[in-house]
Amino acid sequence: MGSNDDLPIVNFEALSLKHEQVPDRDDPTVKEVARQMVKHFSTVGFVYITNHGLTLEKVDAAFSAGDRFFTLESEVKRKYKKGERASQNGWDALERESVNRREKTPGDLKECFDIKDFLEDDFLWPVEVPNFKEHVLDLWKDTHELSLRVLSTVTIGMGLDPTTFDFAFKHTGKLEGNSALRYTYYPKADPTKVKPGQLRCGEHTDLGIITMLYQDELGGLEFLSAEGKYVPAVPIKGSICINIGNMMQKLTSDRLIAGRHRVVVSEKEVNYLNQPRRSLVYFMRPDLDAQIMCLDGSNKYVPIISGNYVKQKLNATYQY
């Protein structure tokens with residue numbers, strides 16, 4: 001899985017955003033896409049999609065807005081610092097988060113800016129960055145629509161009712177919602193200043209249903225293979241990397257598996273470019289009050305409430 005030829009890649013053209021109406025579920029091309037998606041989600045827990053219809057211009061505009069924010073002075077960024085421990089809105093300073101606290105490693109070598117309450121009037125947008133809000137909302141709307149189409153492939157590929165996941169995303173973008181878009185900024189790599197055991201982002205699985213990732217060309221993301229070895233998720237220009245989260249694994253009683261992953265300082269980043277690595281991540285999580293229980297009725301997992309579960313897990317990742 002170290003080269004593009006070995007990566008799980010699905011041509012998503014049949015369900016591309018270029019199609020205003022989602023094609024019929026019984027369309028043979030759609031069913032084949034669904035088969036491939038479920039195959040990869042049930043073996044390695046992640047997949048790349050290409051020809052998805054979301055334009056590079058929107059992604060690049062959002063990246064540029066994030067770049068301008070993260071290069072602001074720290075005293076300016078502190079105006080947007082997250083408040084409560086499990087907040088999903090605002091800025092995280094370098095090393096504030098550690099997603100793998102069990103290993104007692106140093107805080108992650110990254111900064112983040114999270115946006116959950118996109119549609120609330122009182123959300124604190126960075127006024128120092130022109131058009132920040134516009135670029136974020138532009139990308140989010142298309143990403144959310146695309147994520148719903150990805151979920152439709154899961155229902156088709158698993159033979160589920162097409163409305164299976166409707167209960168979970170009635171309030172996305174509002175206080176009662178739970179999905180969030182994250183800008184992640186990994187500062188320039190200086191191996192002499194990296195602490196023992198420190199990673200860009202420690203190994204972990206994501207909390208939600210699916211995660212949609214836009215990564216830059218530097219690489220560093222690694223997924224745990226079915227053989228138990230970490231392998232590079234090589235950047236593919238114009239693609240979106242999607243992985244399954246913990247709540248989807250619970251809902252499907254382990255039929256779909258949460259892809260374990262981490263971010264390291266890549267060789268390319270250190271030896272060739274020596275520039276910051278950046279990513280844009282959309283965590284698709286069920287609304288705060290959504291109950292997560294096994295869809296097959298097996299009760300393999302104890303039912304949980306989405307908001308409580310996410311709050312508990314996020315509280316455990318932050319340095320105070």
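Biologist: Is Phe69 buried or exposed?

Modeller: In this predicted model, Phe69 is buried, with a relative accessible area of 0%.

Biologist: And which residue does Phe69 form an aromatic pair with?

Modeller: Phe69 pairs with Phe113 in an edge-to-face arrangement, the centres being 4.9 Å apart and the planes at 65° to each other. Phe113 is buried as well, at a relative accessible area of 1%.

Biologist: Why give both numbers for a pair of rings?

Modeller: A pair of aromatic rings is described by the distance of the centres together with the angle of the planes.

Biologist: What does the pair of Phe69 and Phe113 tie together?

Modeller: Phe69 belongs to helix α2 (residues 56–70) and Phe113 to strand β4 (residues 111–115), so the pair links parts of the chain that lie 44 residues apart in sequence.

Biologist: How many aromatic pairs are there in the structure?

Modeller: The structure holds 12 aromatic pairs. There is also one aromatic cluster to look at, and its members are Phe69, Phe70, Tyr80, Phe113, Phe123, Trp125, Phe132, Tyr183 and Tyr185.

Biologist: Which rings have the charged end of an arginine over them?

Modeller: Among them is Tyr230, with the charged end of Arg262 sitting over the ring at 4.1 Å from its centre; another is Phe63, where Arg278 lies over the face at 4.6 Å from the ring centre.

Biologist: Switching to helices, at what angle do α1 and α4 cross?

Modeller: The axes of helix α1 (residues 28–43) and helix α4 (residues 132–157) come within 8 Å and cross at roughly 90°, which makes α1 roughly perpendicular to α4.

Biologist: Which residues make that contact?

Modeller: On the α1 side they are Val30, Lys31, Val33, Ala34, Met37, Val38 and Phe41, while α4 contributes Val150, Thr153, Val154, Ile156 and Gly157.

Biologist: Zooming out, how many helices and strands does the chain have?

Modeller: The secondary structure comes to 7 helices and 14 strands, and of the 320 residues in the chain, 54% count as buried. Taking contacts between residues at least 6 apart in sequence, 77% join residues at least 24 apart.

Conventions
Residues numbered from 1 in each chain as written. Predicted model: local features only at pLDDT ≥ 70, side-chain atom pairs only at ≥ 80, totals over all residues. Heavy atoms only, no water. Axes fitted to C-alpha atoms, helices over the stretch in contact; angles between N-to-C directions. Helix = DSSP H or I, 4+ residues; strand = E, 2+ residues; numbered from the N terminus. Parallel < 35°, antiparallel > 145°, perpendicular 65-115°, else oblique. Contact = heavy atoms within 4.5 Å. Phe/Tyr/Trp six-rings, centres within 6.5 Å; stacked < 30°, edge-to-face > 60°. Buried < 20%, exposed > 50% of the residue type's maximum accessible area, 1.4 Å probe, protein only. Lys NZ or Arg CZ within 6 Å of the ring centre and 35° of its normal.
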